[in-house]
Amino acid sequence: MSSIAISKSAAASLPASAVSQTDEPLILDATTLQSNLNRQPFIIGHNLANHPLFTLSRLIELSTSLPEDCVAYNSGDVSLSQGLYRGPRNGLSIEETLRQIEECRSWMVLKFVEKDPEYKELLDECLDQIGKTAGPIATPMMKREGFVFISSPGSITPLHVDPEYNFLLQIRGRKIVNIIDPADRSVLSESDLERYYTAPSGEFVLGFEERFRERARVFELEPGRGLHFPVTAPHWVENGSQVSISFSITFETPFCERRKTLYALNSRLRKLGVRNPISIGRSNTIDNVKYFGLRALSRAKRLLTKP
Ligand SMILES: [Fe+2]
């Protein structure tokens with residue numbers, strides 16, 4: 001596959017049919033959403049760039065009210081192979097990092113911001129709008145979670161994959177997102193996916209290789225723009241020359257749980273000596289036999305071992 005880098009102007013343009021309702025947070029094109037959700041990345045618009053929940057002072061308040069394990073931060077001077085959350089500490093507290101974000105060359109994420117009722121309300125508004133516009137392909141929408149990323153000029157988010165449907169809404173500053181087709185097995189192999197779905201949380205690292213640049217689509221995000229990331233699409237992000245604030249809204253569908261179960265099963269088969277278990281997605285019939293067979297087995301095991 002050749003490089004399919006998108007020009008800045010093309011990346012910035014939305015379909016003419018994208019609908020902006022002043023009372024709705026997102027600007028969505030129903031056809032684009034329904035045809036591309038969880039298949040390929042696409043740009044959306046949003047009306048949150050001046051939303052009061054994303055001022056630095058409100059984010060400092062949020063960072064102090066969230067449980068400690070919901071805030072992660074490190075130096076933004078990391079290599080693309082570093083693995084998420086593995087950068088060196090910056091020697092500052094959470095509040096100092098946010099107050100000095102212009103110059104402290106750091107990267108911070110506030111996780112599960114839906115724990116705060118105001119952020120939960122906004123997250124629900126956004127996801128409800130996506131659910132209503134996308135229809136059955138985003139139903140049922142489970143595990144609704146929100147994340148806010150705050151990063152210094154020039155900081156890097158290393159190459160990684162995420163397990164959920166994601167829309168990254170750019171609130172302040174600019175960033176370049178490099179994203180690879182999740183079906184590109186020359187970057188993310190079947191055995192990589194097996195490792196990803198069976199590794200303890202945060203342990204999987206997909207080492208960056210220079211050849212990945214040729215495989216990536218490139219999107220430039222600016223305030224008012226958002227990008228959809230399909231499940232497990234490998235990506236890395238480079239900040240522009242200003243502080244960046246982004247709001248990530250995520251959810252799962254039964255597709256996510258099924259995919260995790262199937263990859264975990266293939267991993268087990270490989271460990272039992274099956275050299276090349278049939279790839280997930282190659283045959284829906286075989287995937288169904290594996291998935292429903294495993295579920296029946298688990299149910300039987302639970303019944304037989306009940307006290
Ligand atoms: Fe990500």
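Me: Why does H235 count as buried?
Reply: The model is predicted; local features need pLDDT of at least 70, side-chain atom pairs count only at pLDDT 80 or more, and totals for chains, interfaces and linings use all residues. Side-chain values use heavy atoms, with hydrogens and water left out, and residues are numbered from 1 along each chain as its sequence is written. Buried means under 20% relative accessible area, exposed over 50%, and partly exposed in between (1.4 Å probe, protein chains only). H235 has 4% relative accessibility, so H235 counts as buried.

Me: What makes D162 buried?
Reply: The relative accessible area of D162 is 18%. The cut-off is under 20%, so D162 is buried.

Me: Which residues coordinate the iron ion?
Reply: H160 (NE2), D162 (OD) and H235 (NE2) do, at 2.1 to 2.2 Å. Donors are N, O and S atoms within 2.8 Å of the metal (3.2 Å for Na, K and Ca); water is not among the atoms, so sites may look incomplete.

Me: How are the donor residues of the iron ion spaced in sequence?
Reply: The pattern is H-x1-D-x72-H. D162 is in the loop between β7 and β8 (165-172), and H235 is in strand β12 (residues 235-239), so the pair ties together parts 73 residues apart in sequence. Strands (E, at least two residues) and helices (H or I, at least four) are DSSP runs, numbered from the N terminus.

Me: Why is S152 called buried?
Reply: S152 has 0% relative accessibility, so S152 counts as buried. Leaving aside neighbours within four places in sequence, S152 is in contact (heavy atoms within 4.5 Å) with I101, C104, R105, S106, N239 and Q242.
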